[in-house]
Amino acid sequence: MPKGYWVSAYGTISDPEKLAAYNKLAAPAVKAGGGRVLARGGRVVAHDAGIAERTVLIEFDSFEQAVAARESAAYQEALVALSDGVERDFRIIEGID
């Protein structure tokens, strides 16, 4: 079964306090949903239209698990805390089996 991945590429972080509040809530929500953080906020080399702000990659055992974690009540609470504190491109993608 192919794994599922959350890929977040942040364009701007306008409110670091909201991001910190989100991170505090999102970390346990991701863990409870079976997610494993593979990369978060490290060095980035951006090409083409990419922006080298903050990039996060989280792995789940399946695509369905990744979707369910995003829809969980705990993660939805984290999104409320994040609100308009950032602009980001958030995607859930299916890995190659």
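Which strands does helix α1 (residues 16–32) lie across? Helix α1 lies across β1, β3 and β4, and runs at about 170 degrees to β1. Welcome to this predicted model, in which local features need pLDDT of at least 70 and side-chain atom pairs count only at pLDDT 80 or more, while totals for chains, interfaces and linings use all residues. Residues are numbered from 1 along each chain as its sequence is written, and side-chain values use heavy atoms, with hydrogens and water left out.

**The sheet**

- Let's start with the strands: an open sheet of four strands has the order β2-β3-β1-β4, with antiparallel pairing. Strands (E, at least two residues) and helices (H or I, at least four) are DSSP runs, numbered from the N terminus; two strands pair if DSSP finds at least two bridges between them.
- At the edges stand β2 (36–40) and β4, each with a single partner strand, so one side of each has no neighbour in the sheet.
- On average, neighbouring strands of this sheet are turned by 15 degrees against each other, direction ignored.
- Strand β1 is joined to β3 (residues 54–60) by seven bridges and to β4 by nine bridges, and both pairings are antiparallel.
- As background, strands of a sheet pair through backbone hydrogen bonds, either parallel or antiparallel.

**Helices across the sheet**

- Helix α2 (residues 63–71) lies across β1, β3 and β4, and runs at about 150 degrees to β4.
- For such angles, axes are lines fitted to C-alpha atoms, for helices over the stretch in contact, and the angles run from 0 to 180 degrees between N-to-C directions.

**Residues along β1**

- Ser8 lies in strand β1 (residues 4–13), and its bridge partner in β3 is Val56.
- Is Ser8 buried or exposed? Ser8 counts as buried because its relative accessibility is 5% (buried means under 20% relative accessible area, exposed over 50%, partly exposed in between, with a 1.4 Å probe and protein chains only).
- Leaving out residues up to four places away in sequence, Ser8 touches Arg54, Thr55, Val56, Arg88, Asp89 and Phe90; contact means heavy atoms within 4.5 Å.
- Tyr10 stands opposite Arg54 in β3, and Arg54 lies over the face of Tyr10, at 5.6 Å from the ring centre. A charge sits over a ring if NZ of Lys or CZ of Arg is within 6 Å of the ring centre and within 35 degrees of the ring normal.
- Thr12 stands opposite Glu87 in β4. Glu87 is exposed, with a relative accessible area of 55%, and touches Ala9, Tyr10, Gly11 and Thr12, not counting residues up to four places away in sequence.

**Aromatic rings**

- How many aromatic pairs does the count come to? The count comes to five aromatic pairs, where rings of Phe, Tyr and Trp (its six-membered ring) pair if their centres lie within 6.5 Å; planes under 30 degrees apart count as stacked, over 60 as edge-to-face and the rest as tilted.
- The pair of Trp6 and Phe90 is edge-to-face, because the ring centres are 5.2 Å apart and the planes are at 65 degrees.
- This pair links distant parts of the chain, with Trp6 in β1 and Phe90 in β4 (residues 86–94), 84 residues apart.
- Trp6 is buried, at a relative accessible area of 2%.
- One aromatic cluster is formed by Trp6, Tyr22, Phe60, Tyr75 and Phe90.
- Phe90 also has the charged end of Arg70 over its ring, 5.3 Å from the centre.

**The nonpolar core**

- The largest nonpolar core has 17 residues, of which Trp6, Tyr10, Leu19, Tyr22, Ile58, Phe60 and Tyr75 touch the most other members. Such a core is a set of buried Ala, Val, Leu, Ile, Met, Phe, Trp, Tyr and Cys residues joined through side-chain atoms within 4.5 Å.
- At least two residues of this core come from each of β1, α1, β3, α2 and α3 (73–82), and α1 gives the most, with five residues.

**Two loop residues**

- Asp48 lies in the loop between β2 and β3 and has a positive phi of about 55 degrees although it is not a glycine. Asp48 counts as exposed, at 84% relative accessibility.
- Ser83 is in the loop between α3 and β4, and has a positive phi of about 45 degrees although it is not a glycine. At 45% relative accessibility, Ser83 counts as partly exposed.
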